[in-house]
Amino acid sequence: SAFALSPRRSSANRRPGSSSKGEFSAMNILLIGSGGREHALAWKLAQSPLCDTLYATPGNPGIAQAATLIPLDVSDHGAVITFCDENDVDLVVIGPEGPLVDGLASSLRIAEIAVFGPDREAAQLEGSKAFTKEVCRSAAIPTAAYEHYDTKAAALAGLAGFTAPYVIKADGLAAGKGVIIAETQAEAEAAIEDMFGGGFGDAGASVVIEEFMTGEEVSFFAISDGTNVIPFGSAQDHKRVGEGDTGPNTGGMGAYSPARVLTPELEARVMKEIIEPTVAHMAQKEMPYQGVLFAGLMLTETGPKLIEYNCRFGDPECQVLMTRLDSDLVSLLHAASQENGLAGAAPVKLSDDTALTVVMAANGYPGTPEKGGAISLPATDGATKIFHAGTADQGGALVANGGRVLTVTARGKSVTEAQVRAYACVDAVAFPSGFCRRDIGWREVAREQAERR
């Protein structure tokens, strides 16, 4: 391992697999989550020689291929801590945003259990759009102009300070669907009415209105130990449900990595102007950020600007990043869980290959998905991998059990090659009650075609 892995237990309680110096030859790990992101993490964690037993809760049938599934109520922090103590868990990896915003990482750190993921206070970067905007204002991070409103009347009046198209955001967590781009003032007013009327649950108790930014969107990832921060790669997501980026927003219908539009020069600017100032500001405010920092960026004419932060790997961006990752994931995540653990760390190694993933969703998504549809999966080769998201085992049969059901992922020397392989695998999946977009990676495919002319 490139990092020293320091156990929390005394030598009297140390498991047989660890050395007298307190360095583990392998660790027991608990992964929290049940989606395609968590299947990709489980798949990669299990490959590490530093992974002894991998547990997951609640998991899914795909995750069960790499981990021992256990029933745990992750909102009961005491139950999670008890499980970790009774099963010698050395590292907890929290996949989704909900438990992070709920403060599970904070509780685990208080119990001296190593955890990959930010504390409750730091997770406000995702849990509150207004909090992130205030960080941007304080740390001079480039982002869209905005205002925050706590009442419907104030938000409706505030529209006068913006021009169409309007960007209306529910302040809290809305499963990636809390952003409305309104082309007219009437649409913006309807979005505000919907948010304050409970259309987004507690997430819409207050709203942020932003100026509309023009450019191409890209996702950028970095990991931090609270002080040090290193890049983890780029991807481009496809949020809209329909081809050509049309229709309502979803949690993501597909992605590819790397996003070449984020050039090395632009990536360096993102680190210097956005990521590093954020980590430094959070440390200064005694809210050190430990975990992955996922920046949604707009590449504008004047340079990269922050759209929003997420406090976990994206889904489906995680699937393409893990497919390209050549570094040891356990080493990286454990190092980030330790104060100053990334000091002097080597850069994250990612394959030069492209990875592309296509989400297969249940009919009805992003509205009410049709559950229970039968699924039959083909055999895959070394260039393709099917990650489970919303699946369930029903008497030995695989069925749909959510909105986004599978993420079919392929590698290739180009986006075009990875796209061809991914869709060939998609076409071999038998899922009659499902659908997918057929144009994932379309912008980069067009650029590659133009370069070949």
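The dialogue below takes up the sheets, then a pair of helices, then the cores.

Modeller: This is a predicted model, in which local features need pLDDT of at least 70 and side-chain atom pairs count only at pLDDT 80 or more, while totals for chains, interfaces and linings use all residues. Residues are numbered from 1 along each chain as its sequence is written, and side-chain values use heavy atoms, with hydrogens and water left out.

Biologist: In what order do the 4 strands of the open sheet lie?

Modeller: Helices (H or I, at least four residues) and strands (E, at least two) are DSSP runs, numbered from the N terminus. Two strands pair if DSSP finds at least two bridges between them. Here the order is E6-E9-E7-E8, with antiparallel pairing. E6 (146-149) and E8 (179-182) are the edge strands, each pairing on one side only. E6 is joined to E9 (residues 207-210) by 4 bridges, and His 148 stands opposite Val 208 in E9.

Biologist: Which strands does H6 touch as it packs on the sheet?

Modeller: Contact means heavy atoms within 4.5 Å. Angles run from 0 to 180 degrees between N-to-C directions, with axes fitted to C-alpha atoms, for helices over the stretch in contact. H6 touches E6, E7 (166-170) and E9, and its direction makes about 140 degrees with that of E6. Helix H8 (residues 185-196) lies across E6, E7, E8 and E9, at about 5 degrees to E7.

Biologist: At what angle do H6 and H9 pack?

Modeller: H6 (residues 129-139) and H9 (residues 264-284) pack at about 100 degrees, their axes 10 Å apart. That makes H6 roughly perpendicular to H9, a term for angles of 65 to 115 degrees. From H6 the contact draws on Phe 131, Val 135, Ser 138 and Ala 139, and from H9 on Pro 277, His 281 and Met 282.

Biologist: How is the other open sheet, of 5 strands, arranged?

Modeller: Its order is E3-E2-E1-E4-E5, with parallel pairing. The edge strands are E3 (68-69) and E5 (115-116). In E3, Leu 69 is the bridge partner of Ala 56.

Biologist: How many residues has the largest nonpolar core?

Modeller: A nonpolar core is a set of buried Ala, Val, Leu, Ile, Met, Phe, Trp, Tyr and Cys residues joined through side-chain atoms within 4.5 Å; buried means under 20% relative accessible area (1.4 Å probe, protein chains only). The largest has 46 residues, and Leu 30, Ile 275 and Leu 297 are among those with the most contacts inside it. H9 gives the most to this core, with 6 residues. Apart from it lies another core, of 42 residues, including Phe 116 and Val 330.

Note on methods:
Angles under 35 degrees count as roughly parallel, over 145 as roughly antiparallel, 65 to 115 as roughly perpendicular and the rest as oblique. Buried means under 20% relative accessible area, exposed over 50%, partly exposed in between (1.4 Å probe, protein chains only).
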